[in-house]
Amino acid sequence: MRVKSLSVSNFRNYEKETVSFCEDTNVIYGNNAQGKTNLLEAVYLFSHGKSHRTKSDSELIRFGADFARLSIEFADKDRDYRAVMQLLPGGRKSVKINNVPITKLSMLMRYLNVVMFSPEDLEIVKGAPQLRRRFLDEAISQLYPIYLKRLISYHKNLAQKNSLLKKLRITGKTDDAMLSVWNEQIAEDGSRIMEFRRDFIDALTEFAKQIHYNISGENLKLVYTPSIECDIISKEVFLNKLEAGKLREIENGSSLYGIQRDELRFFINDKEVKTYASQGQQRTVVLSIKMAQMENINSVRGEYPVLLLDDIMSELDISRRSYLTEKIRGKQVILTCTDADTAERTGSTKVFYVNDGRVREEQ
Ligand SMILES: Nc1ncnc2c1ncn2[C@@H]1O[C@H](COP(=O)(O)OP(=O)(O)OP(=O)(O)O)[C@@H](O)[C@H]1O
Ligand SMILES: [Mg+2]
């Protein structure tokens with residue numbers, strides 16, 4: 001997979017700019033707050049349909065402008081694509097790929113695969129469980145659009161169920177026929193989502209374990225801890241748990257069980273990373289899982305994703321940096337840094353200098 005060029009107008013601090021990328025390493029450097037991350041964000045938008053750092057699309061429109069327009073040319077192993085995106089105030093957005101309107105996020109995600117790695121990703125191991133679920137959801141959706149469909153359907157039904165639970169608690173009723181209707185649908189989607197998560201974590205673990213060992217000599221383990229504990233995942237098990245917990249959920253006035261409470265845990269040499277690992281060890285775990293994600297995409301799709309590395313080289317020590325440099329060889333990488341010297345260059349590396357929303361390619 002590779003991105004050939006990106007054009008942005010009225011996007012973030014860019015008025016109008018076009019960048020042509022090479023198929024190897026692309027180094028984007030410049031001082032703080034000049035627009036480096038904004039370029040990665042633009043590429044990411046086309047793969048995930050949303051920004052990696054904000055939920056609000058209107059933030060992306062340049063201050064004072066009416067709308068933003070982005071276009072990207074990319075290719076997978078079979079064909080070339082040209083995608084265009086318009087962002088309008090109020091969060092309205094339209095996307096076309098090869099002139100065909102894309103109406104669903106799950107349709108967009110199957111085209112361009114990227115793996116983004118930025119310093120904030122440390123939160124995947126350090127932060128709240130919700131961030132790990134988001135990591136899983138984004139990573140799995142990118143490979144299996146049906147997962148995203150299930151997820152959207154699940155959350156829609158969950159919201160309905162929660163408002164019913166709230167109502168029941170207030171009125172003091174102990175049941176409602178609709179509760180079982182929601183539970184049925186939640187169990188249907190939820191059990192499939194659990195299977196996807198389990199399989200993805202298994203696949204990721206295989207790669208991550210090896211990568212992590214090669215970098216650090218330590219044993220990394222990923223453990224999926226679903227809210228619905230079971231030996232064999234099934235709709236029946238899921239539904240039984242929900243039905244058995246009805247009264248407690250009504251008392252609580254909102255759902256207590258389900259994939260919205262799943263957890264993913266990391267262990268190094270059997271010690272929980274979140275609690276015991278040093279900052280450097282935690283960063284290495286993130287590096288390992290991001291590299292594993294890249295390998296997993298290759299094993300499923302038969303080609304590597306585009307790697308977007310936001311200012312991470314400077315945070316890695318020399319041995320980790322050279323491991324990463326070795327690992328990304330032969331793949332397309334777009335990386336940002338403040339000091340161009342931190343990035344290793346090969347013959348085909350392209351270097352871009354970014355200053356105040358202007359990009360200049362260095363010869
Ligand atoms: N909607 C917007 N309109 C205009 N400017 C914006 C908008 N959103 C963000 N910016 C500005 O874009 C600038 C560049 O942001 P960006 O995150 O790309 O910086 P960066 O080069 O990655 O810096 P750093 O090295 O600090 O990470 C920021 O100064 C920010 O204020
Ligand atoms: Mg930045």
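Predicted model: local features only at pLDDT ≥ 70, side-chain atom pairs only at ≥ 80, totals over all residues.
**Domain layout**

**Where the domains meet**
- On the domain 1 side, 21 residues are in contact with 20 residues of domain 2.
- Putting the two domains together buries about 2,000 Å², and carbon and sulfur atoms give 63% of that area.
- Three residues stand out on the domain 1 side: Asn113, Arg320 and Tyr323 supply 26% of the area that domain 1 buries against domain 2, more than any other three residues.
- As for charge pairing, the rule finds three salt bridges across the interface of domain 1 and domain 2.

**A salt bridge to look at**
- Lys50 and Glu138 pair up through their side chains in a salt bridge, with 3.7 Å from N to O.

**Helices H4 and H6**
- Helix H4 takes in residues 129–143 and helix H6 residues 177–216; their axes come within 10 Å and cross at roughly 90°.
- H4 and H6 are therefore roughly perpendicular to each other.
- From H4, the contact uses Arg133, Phe135, Leu136, Asp137, Ala139, Ile140 and Leu143, while H6 brings in Phe196, Arg197, Phe200, Ile201 and Leu204.
- Sorted by class, that contact of H4 with H6 has nine nonpolar and three charged residues, with no polar ones.

Conventions
Residues numbered from 1 in each chain as written. Chains lettered and ligands numbered in written order. Heavy atoms only, no water. Axes fitted to C-alpha atoms, helices over the stretch in contact; angles between N-to-C directions. Helix = DSSP H or I, 4+ residues; strand = E, 2+ residues; numbered from the N terminus. Parallel < 35°, antiparallel > 145°, perpendicular 65-115°, else oblique. Contact = heavy atoms within 4.5 Å. Nonpolar A, V, L, I, M, F, W, Y, C, P; charged D, E, K, R; others polar. Buried area = accessible area lost by both parts, 1.4 Å probe. Salt bridge = Lys/Arg side-chain N within 4 Å of Asp/Glu carboxyl O.
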